[in-house]
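Here is a brief report on one protein chain. Look over the sequence and the model first, then read on.

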Amino acid sequence: MHGMSPTPAPSMIDVAGLASQLRMSVFRLSRKLRRLADPGITQTQLAALSTIERHGPLTAGDLAAHEQIQKPTCTGVIAALLEEGLIERTPDPLDGRVAWLQISPGGRRVPQQVRKRHTAYLARRMSRLEPDELQIIERATRILERLTEES
């Protein structure tokens, strides 16, 4: 394996140390990917827009719960997304107190473009790796998906 030392016995692995290294690596990668996002939209707005894209239509309360943000913060995010024409608000026909948020056609392009830039960046970086390193990343990705599954 390219640049890899022999795998230590499981009992010899410093799990806390490995967790710390993983956390820092994920943080650095996330920071690099954030720099590739659309400069006209904040990370909070992009996250909310992506949530509306995936789970919409949503109410403001649903969006706040999904994003784990306070309702006043969510109100500001919604206002900015509406102002940019990235989402649409539709009154509920049965309950006038409720409004449904859905992504607009123009809004749909933003997360798609960001994902495309992120994927291209990672693909360029990964193309420099050896085949055995790519296999390790493939295995690690499946493991990371298991770690991030909600319990």
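## Fold, surface and charges

From the N terminus, the elements of the chain follow the order α-α-α-α-β-β-α-α. That comes to 6 helices and 2 strands. The model is predicted.

Next, the overall dimensions. The chain has a radius of gyration of 20 Å, whereas a compact globule of 151 residues would have one near 15 Å. Along the principal axes, the C-alpha atoms fill a box of roughly 65 × 30 × 20 Å.

Buried residues account for 21% of the 151 residues. The chain exposes about 11000 Å², and 56% of that area comes from carbon and sulfur atoms. Among contacts with a separation of 6 or more, 54% join residues 24 or more positions apart.

Now the charges. The chain carries 21 positive and 17 negative side chains. The centres of these two sets lie 6 Å apart. The count of salt bridges is 2.

| Salt bridge | N to O distance |
|---|---|
| Glu-53 and Arg-115 | 3.1 Å |
| Asp-95 and Arg-97 | 3.0 Å |

What does the pair Glu-53 and Arg-115 link? The pair links distant parts of the chain, 62 residues apart. Glu-53 sits in helix H2 (residues 43–55), and Arg-115 sits in helix H5 (residues 105–126). Arg-115 has 39% relative accessibility, so it counts as partly exposed.

In the other pair, is Arg-97 buried or exposed? Arg-97 is exposed, because its relative accessible area is 76%. Its partner Asp-95 has 21% relative accessibility and therefore counts as partly exposed. The cut-off for buried is under 20%.

Note on methods: Residues are numbered from 1 along each chain as its sequence is written. This is a predicted model: local features need pLDDT of at least 70, side-chain atom pairs count only at pLDDT 80 or more; totals for chains, interfaces and linings use all residues. Side-chain values use heavy atoms; hydrogens and water are left out. Helices (H or I, at least four residues) and strands (E, at least two) are DSSP runs, numbered from the N terminus. The radius of gyration is taken over C-alpha atoms; the globule rule is 2.2 Å times the number of residues to the power 0.38. Buried means under 20% relative accessible area, exposed over 50%, partly exposed in between (1.4 Å probe, protein chains only). Contact means heavy atoms within 4.5 Å. Accessible areas come from the Shrake-Rupley method with a 1.4 Å probe; for residues, only the protein chains shown count as cover. Lys and Arg count as positive and Asp and Glu as negative; His and the chain ends are not counted. The place of a charge is taken as NZ of Lys, CZ of Arg, CG of Asp or CD of Glu. A salt bridge is a side-chain nitrogen of Lys or Arg within 4 Å of a carboxyl oxygen of Asp or Glu.
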